[in-house]
Every structure is written in C-alpha cells, then in structure tokens.
Amino acid sequence: MRENVVIIGGGIAGLEAAGQLAGLGYNPILVEKEDHLGGHLADWHCLFPDLIPAKDVVSTLVAGAASANIFTNTEVLHINRLQDCYNVMLSNGVSVMTKAVLCATGFRLFDAHKKEEYGYGVYDQVITNSDLEKWFNGIPDPRIDNSMMSSAGFVHCVGSRDEKAGNPQCSKVCCITAVKQAIELKKKFPEMMVWCFYMDLRMFGKKYEDFYISAQRDYGVRFIRGRVSEVSENIDGRVVVKAEDTLAGRPVRITLDLLVLMSGMVCNPKTVRDSGTVQFPADSDGFLKCRNSVTDFNLSAQDGIFFAGSCTGPKTVPETIAEARSAVLSIHNWFKGKQ
Amino acid sequence: MRERFLTGYNNFVLPFLIGMVFILTYCLVCLFRILHQLPHEDRKRFLLSLVNPKILLKNIRDIFCDCLLHLKIWKRNKLLGYMHSSIAFGWFMLIVIGHIEVFLYVPHRAKFLYYPIFFRYFVAETESTLRGGFFFFLMDFFLLVVLSGIFLAMLKRLRSRMFGMRRTTNQSLLDTIGLYSLWSIFPLRLLAEGFTAEISGGSFLTKSLNHVFTAFLGNHVNMLPTWWAYSIALGVFFCVLPFTRYMHIPSEMLLIPLRNAGLKIRNARKGLAKVQVYSCPSCGLCIDACPMSVMKTHAKDTTVYLNRQIRRGNEKRIEEISDKCLLCGKCTAICPVGVQGDALRVAQRAMRNSGMDSVWKTSGKIAGTPEPPQSQGKTLYFAGCMTALTPSILKSVETLFRASGNEYEILDRDGGICCGRPMMTAGRTEEAEGMIRRNTELILDSGADTLLVSCPICYRVFTENYNLPGVRVVHHSVWLKEMLDSGALEIAPDNQRYVWHDPCELGRGCGIYEQPREVLKAAGELVEAGMHHKESLCCGGSLGSLTLNFEKRRAMTQNALENITAENPDVIVTGCPLCLNTFGRFADRPVKDISEIAAALLKSDCK
Amino acid sequence: MDFGFSISRSSTVNLDSVALENFTKLQALEPDALKCISCGSCTATCPAGKFSGMSLRKVIHNLQRGREKEAVEMLQGCMLCGKCSMVCPRAINTRHLIMSIHKIYGEEAR
C-alpha cells in the first residue's frame, strides 16, 4: 500500500514535492486553498535572471504533479496527532490519515497600505510589485495605462527590513526583482527614466550581478542609495518622492508618473485554519520555526511534519524547488527509517 | 453641663497640644515659603483672587466638595467615596460640633485649643441636658460615621479591588505610622468617651459602651489612660503628618484657591508645583489610569511615584519618570485633588539645560524657511509635520475643501516650521518660543482669517501658546461638523459602525469630544470604546515620551486597541495623524481619519 | 613665500586614532545609537533639513568617525518634531537620541 503524504500548499514547493513523492511511490495529497495551482508564481510574468516566462515553470511543475491527489479551493481545517499518525481534516469534508505532512504554505506579500506614507491606495500613481507583474501579464491597470509614463521609481524594502512594519528581516528577492521589473518596464517604455531607491543592494545569486550591470549599462536604470520617506502629489497629479541620496549626502526630490512599491515577503499567517493538536510555531523572524536553520531546515520540531519553501523564510524560485526536493528525500529516508 | 475641674487642664492634653502647635507652625511656614516662591505676578493674581467674591465662593464650595465630601471619588466608586467622605466629613463635623458645645456650655474655655477635642473629659452631665442630649447624639452619630470609614479603610488595605482599584501604592514607613495613628485615633476616642460617659453623658454609642464597661470594670481607673492614649494618637499623627501622604489634607486647601486663581505651573519644584506635589494623597488612582501601566515595570513611573520622588529629592528617578511619560494627561484628568502630572513633568524637563546652541534661540529670519502664501480672506491649512506622512488625511481634507467651496491655501505644502509643541514638551521652552514666533509671523502675514489644522498636537499649541489676533484656529473635525451643520457639505450615511478614538491632545488637551462624534453619527452608527472621553487611552505613539522605545510602546498600542474595539466596531476613526499611524500598524480592522470618512461619503452633488 | 600650493591636512579619517569615549557614553544613554543603517529616511523627511542642512544620518555617522564638531553643529536646526522617528525603519528613538547627543556632546563642548 502506498503511504499518504499530505502537502499543504499548491505553490511551486508543493507541486515539485508532489511530483517527486509520486515518483518515489508515495501517495501525495496536495491541498490548495485557491482555485488554481502555482501560488504567487501563477500571477508572475517572468523570472530573473534569464527572463524565463513564469507560466512555463508553473505548467512544467503542474504536469509533474499530475499523478498526485489534488484538492483546490480547499483549506486544512486542523491537524490532530493520533497514536502514530496524523489526522488531517480538510474543508471539503475529507479526512486523511497520514504519517507525514509537508508544510509548503509559502509567503504572503506585505500589505503596502500599512506603509501610510507611501500613499498606496491614496495616490493613483502608486502600485506594488505584484500589481506590475499582473499588468505585464496583460491584465489592464488604469493606474499604469492612463499615465503619460515618462518616469517611474521603484521603492525597495517596503515592509521588509522595517521594524515598524513588524518585519525586520531582509526579504532577499526584492532587490533582484526590482532590477528585473525595471528592465521589463524599460523594454516597454524605452524613453522612460527609471529610478531604483535602495537601502542596500543584495545581488547574491547566480548571474544577479550581471543582471544588475546590464540594468545600468544596457537599460540605463538609475540607482539611488536612499530609502524613500515621503510621497506627495503635485497639482499635475504626479507624485513627488522625497529621499536622501546618501552617497551624495543630499536630500533629493523627484517627480514621477509611476511609483512601484517592492512589497516584501512575510509569513502566511495561518498554516491551518483552526488550531488542532499540531501547531506551527513561528521563529523570531516571523516565519515558521524549523528544527535548526543549518542542517535540519526541512524538519519541524514534531516528528513527521516537514517544511519546504518560503514558509521558513524568503526564498527564490530555484531555492524553493531545491528545498522541495530535499524535503522529499528527508520524508523518504524518514519512512525508510520507520520500517 | 458643669465643669469638673477648676483649672480646665490635665497633663494628658500635652501630646495633642505639641502635635497641634507643631503642625500649625509647619503649615504656616510652608504657606509663606510657597507664597514667596510664586513669581511676582502670580502672587499678585492669587492675593487679588482671594478678595474676589466670586472666586472666594468657588474656593469655599470646592474645598467643601473636594476636601470634605470627596465628590470626585464618589463618581468613580461609591464605596471609595463613602470611605473618604465619612472620615473627612465625619471628623470635620466632630470638630465643629465639639466647638459648638464649648461655645454653648463653657464659652470661657473657647480660647483653649484642646478643650473642644477633650470636652467630655472636662465636663460632667447635669440634670437639664436635653439640648446636650441632642449634641451627644450628633457626636456619637458622626463618630460612628468616622469609625465606619476607618473600617472600610482597613478593608481596602486587604481588598483594594472592592473599591475599584486594581493597584495601589506601596506605603513608606512614615506613611504606615501615619496610617496606624490615624486609624487608632477614633477607636481610642470611642473608648475614652465610653469610659467617661457615665459622668459626662453620652448617647447611643458611648453610653451603651459605658454600660458594657461598668459591667466588668467597676471603677474609673481606666479613664485617664484612654484619654492619654487618645491624645498621644492625635499628637503622633500631627507630628508625622508633614512627612507622610496625609500632608495632602492641609495642602489641598491651599491648592484649590491657587488653582481657582488661574495659576499655571512655572517651576517643577516651586510654588504651585510644590503645592500639587504635597497635595497628592498617594491614592494611586493614576496607577490604574496610566496607559504605561499595562506593563508592570512601568507602574512606578506614574504620577503618584513622581510626587513621592520629588518629595524625597531622588533626582535620578525624577528624571526617569519625567522623561518616560507619554503626557497623555489622563492622570491629570482623573486626579481627585487636581495634581497636573503632565504639566509637572514638562516643567521638570524644562529645568534641564540643553547645553546646546539652537538656531531657534536666535532672532531674525532663517534662510530657506517657507514664505507665507497670500491667503487674504481664505482659510489657511496647516497640515503639520505628521500629516505629511499620512497622505490620506491631506488628500481628504483637500477634497472636502473643494467640495465645500471654501478657498484655501496650504502653509506647509513643501514642509514648514514645526508648531513648537514637541519642542515645548521636551522642555525646550526658549527654542519652542522661537518657532512659535516665526510661525506667528507667517500666519499673520498670509492674511488668512481661519487657520485649519489637522493635527491635535498643533491644534493645542496654536490655541494655548499662540497669539493670533483676527485668526480663528479650528481643528478639522470641528470644521467638518460646522460644514455639515451649515449644509456646505452633505454626506450620505452608510451602515458602518464607527468608534471614535479621542486623541489625547484633542480630548483631554483641548476639550473637543462631541463635534467629531456628531460627524460620525451623521456618517453611520457611533459606538463607544471601553474607556472614552476623558478616560480614553493614549494610542502609545505620543511624542510626549522621550525615552519609551518602540517595543515598549507596542504593548500600550495593543492595549489601547483592545479598549477601542470593545464594542467590535467596523472602523476605528480618529482625528490625529499620529494615532492613525500608530493604530494602523497593529489594528485588525481599518483605521481612518475622520476626514477620510467624510470625503468617502460625500453626496455626489458635493464632489 | 608663495609656492602656488599649500600642504593641507590629510582628509583621510584615521580610524586608529578616533576617540569614541563619548560615543560609548551615548550608547549607554540611548542604545538605539548603534541601530542606524544609514538609509537616509530621516534626512529626506526632515523639515529642518531644508533650511539648516540637518541630517541625522550624517550626525550619527560623523559621531562614530570622531567628527564631533560637525555633527553637533548640524543639530542646531532640529525642531524635535519627531518626523524622523516616524519614518525610521529601525524604530530608532530619534528624539531621545538627539537629546542625548545634546547632553553628552553639549557638555563636552563647554
């Protein structure tokens, strides 16, 4: 008989893990609360640094997970620990007995309304990174379509590295995402001036530095080291942004047609809807707490509960996929150890 | 009634006499010192107020209501009110009736300070005491009233929650001595009068007690020692009184006329401030009231402890307590004697020398400061520093301006000079005055007839410290109410449940409570927070505190949010950019400024 | 004699000889002094910066590099309005920091 493995979350980590587990002869049961698979990536346009279309990645992963049991529009109500297994109760009335649960609940984008001073929801010219991706994907957005678009700005670290916003952690991927989006925007509007306001640029991944150089050299994106602290509107209905150019040591102000807020990643607040006997405690960074963050990042404190992807911290797409695979290996070895 | 002793004297009155002379001398010396410490104009103002019949009448009424009847405490908790007024008013009546008796029966003894107190020892009952019987009854009645108060006071030490107090102050050693001597005065008086009742006469209480005594203690040997004990208890109480919290009794009688004369605290250690510090009865009501007390570690940073440390001269703690306070003013609002915890702290901060030069101390124009927009006959809008960080307010106010047809100019569209209140509350009076002077010039030069502000911090300083002849200063919540009343703005109500958060500076600071509530009633359903109006809780974001860091403020914000959502409203509404920002960070439901609510609900023909 | 040039003091800050006793005192008074990440939010939003060139970021930076005089002079335009504390991502208690700098370096200056 094939062993059940419940996977919470049908994003890229969940999909990859489901495909790999099925390949190893397990019976993965994938639970996704939205009506579609792929998580945030399903709304994304293309991926850094090679501008691969996100929908290709998602469809490959969905195809790989085809043999898994997949429940969309379904939430996990609660998980209770029994003698040697878990009882997972789903919102569609299904109750699953399983020895292993893989938590791949991912992240949520910081709600940019909470940074009052940036005027998201107040000014028509202020959007978020996610809004911009949707527009790249062809969904009309009057905030972008209606403006003259001669200049745009990206504000890094919105709701990340920000104690006031309750998230002091670096969200890690926003720097490179901003570079990517700036390049894409430049491709659409070659005449546009594009500015990036950053606190520190963190170009840590493979070919990221090249991508950054290309943004400067090939696309003329301008980088200013200074965090935006105030956004106001002028009489023409454009936004006036205030920051300090910390390298020059002078305050700067600039008038823009579009301001993109790079909302950071925060942990999904609820892994399961109601509390059962199994809890998912948060670490000091707000993300889920793993057994240790060097070698046992896949394991939770409870035997049989595993983690994959950005539920334990901000991660890039390749990192998430790699973690999903390693989680599958951990689960496989764990089952073998039980026999 | 006839006298039992020709001399009208016994040695046992000595402890009382010593105590009484000591306390009277002490109070007189203090009174002169305080009057001497007052600045000249304040002293003149105070002395003049004493001959003003209207103020004099108010003084008497206040002293009667506050010092004797404790009406303010009654409003807070009936049991606590009864405890205080039974002791104070009962004792007062005992003294008054004692004097009446002396004047009626032995008028030639009226010159002796002790005679009314120990009257029963010195007189014997004669046959014709029908009138005496009346007074005997009154005396016993008020003694019983006081004793019931003392009993409650003992009970309160054990179970303060019964009296509506979660936390009370820790007693100092001298306070304990004072407390025990006060507690023992009246039972001892009862004993002494009980032993004497068959000679001096008595009523239901003392006479009955006498019958019990005579049943097993047949002689009068016990009489004198109890009178001695009574006198000693009084003497001890009077002698320790200046060094205990009971100093509030004489101090409050000075504080009331000083307050009614309209004096303000000018120095944290002298004059009015000193009277306030000594008027603090250490009741500890401010501990529960203080928004910082949500964290146990802050319980000793409340006003009652500030007063105690000022009396002890513990400079380090005085600084700590003064700098930590949010200046929300709630302790001042609820203090039964009228100690101004916030003003006291600001005055304390002002005693420090900043040790720095500041451009604001100089005179003359500072290059780069804004130019006044020409606003002849228009409304001038001073958004304030904080509003620049809450664009939703700025945008809504502009929408409302346009809809109402009012012509307006913005004084600080591109950043202005701060209103000066943050500087003032930090204790930098001179710098603050420099800023006030420059803003005054700007406003007057603009020619505007109305100054609209949307930050209560600014509003308070504009109304309290600015002199702007011909310019009406108005907060946007009040302006909104007026616009709705006059029909210049019309809003279509929705079915949302709104709760109004009283910003400290707007409510307790400026007394604006009702206008914003009226606006919300026009917008939807108004519900109240757990504690509201003058009891509302500071959001925790106040600029008043100098030392509280973000982490500590968070606990206060969360506590205030629990309070504001007691009735489970749909939207939290406030009128202060700082509250908006602070609440918005942690709230689980929308937090909006009152202008946003109005702008969103504007009827379409207004837009 | 004029050689057409002069020898000025090196503009290099010699970190070996920077005296930080005062900064240590400041740290004890307001531990937030060390939290700054030099993002410049405070400077950008500062209403006094417009006319006095005040920059809290520079002040903190200069103090840590031993350039106390420049730092303290810069604070003369401060209005203690608290806008900087609102925008600071590290939740630094900027007003207390400024007042503590006044206290320590002001005494030093006299």
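Good morning. I begin with helix H18 of chain B, residues 391–404, which has 14 residues and reaches 20 Å from its first C-alpha to its last, close to the 20 Å expected at 1.5 Å a residue. Please keep in mind that this is a predicted model.

A residue is called buried here if 20 or more other C-beta atoms lie within 10 Å of its own. Among the buried residues of H18(B) are Pro391(B), Ile393(B), Leu394(B), Val397(B), Leu400(B) and Phe401(B). Just after the helix comes Gly405(B), with a positive phi of about 80°.

Let us now consider chain B as a whole. Chain B is divided into domain 1 (2–17 + 74–240), domain 2 (250–350), domain 3 (359–480) and domain 4 (491–606). Between the C-alpha centres of domain 1 and domain 2 of chain B there are 33 Å. How many residues of domain 1 of chain B are in contact with domain 2 of chain B? Five residues of domain 1 touch six residues of domain 2. On the domain 1 side, one residue is nonpolar, two are polar and two are charged.

I turn next to chain A. An open sheet of five strands runs in the order S5-S2-S1-S9-S20, with parallel pairing. Which strands form its edges? They are strand S5 (69–71) and strand S20 (305–307) of chain A, each of which pairs on one side only. On average, neighbouring strands of this sheet are turned by 20° against each other, direction ignored. Strand S9 (residues 100–103) of chain A is joined to S20(A) by three bridges in the parallel sense. Within this pair, Leu102(A) has Phe306(A) in S20(A) as its bridge partner. Helix H1 (residues 12–23) of chain A packs on the sheet and touches strand S1 (4–8), strand S2 (27–31) and S9 of chain A. The direction of H1(A) makes about 165° with that of S2(A).

Finally, I come to the contact between two chains. Here 15 residues of chain C are in contact with 16 residues of chain A. On the chain C side, helix H2 (41–45) and helix H4 (56–64) each supply at least two residues. The largest share, four residues, comes from H2(C). By class, this side of chain C has six nonpolar, six polar and three charged residues. Thank you for your attention.

Conventions:
Residues are numbered from 1 along each chain as its sequence is written. Chains are lettered from A and ligands numbered from 1 in the order in which they are written. This is a predicted model: local features need pLDDT of at least 70, side-chain atom pairs count only at pLDDT 80 or more; totals for chains, interfaces and linings use all residues. Two residues are in contact if their C-beta atoms, placed from the backbone, lie within 7 Å. Ala, Val, Leu, Ile, Met, Phe, Trp, Tyr, Cys and Pro count as nonpolar, Asp, Glu, Lys and Arg as charged, and the others, Gly among them, as polar. Two strands pair if DSSP finds at least two bridges between them. Axes are lines fitted to C-alpha atoms, for helices over the stretch in contact, and angles run from 0 to 180 degrees between N-to-C directions. Domain bounds come from an automatic or database domain assignment. The expected span of a helix is 1.5 Å times one less than its number of residues. A residue is buried if 20 or more other C-beta atoms lie within 10 Å of its own, exposed if 12 or fewer, and partly exposed in between; C-beta atoms are placed from the backbone.
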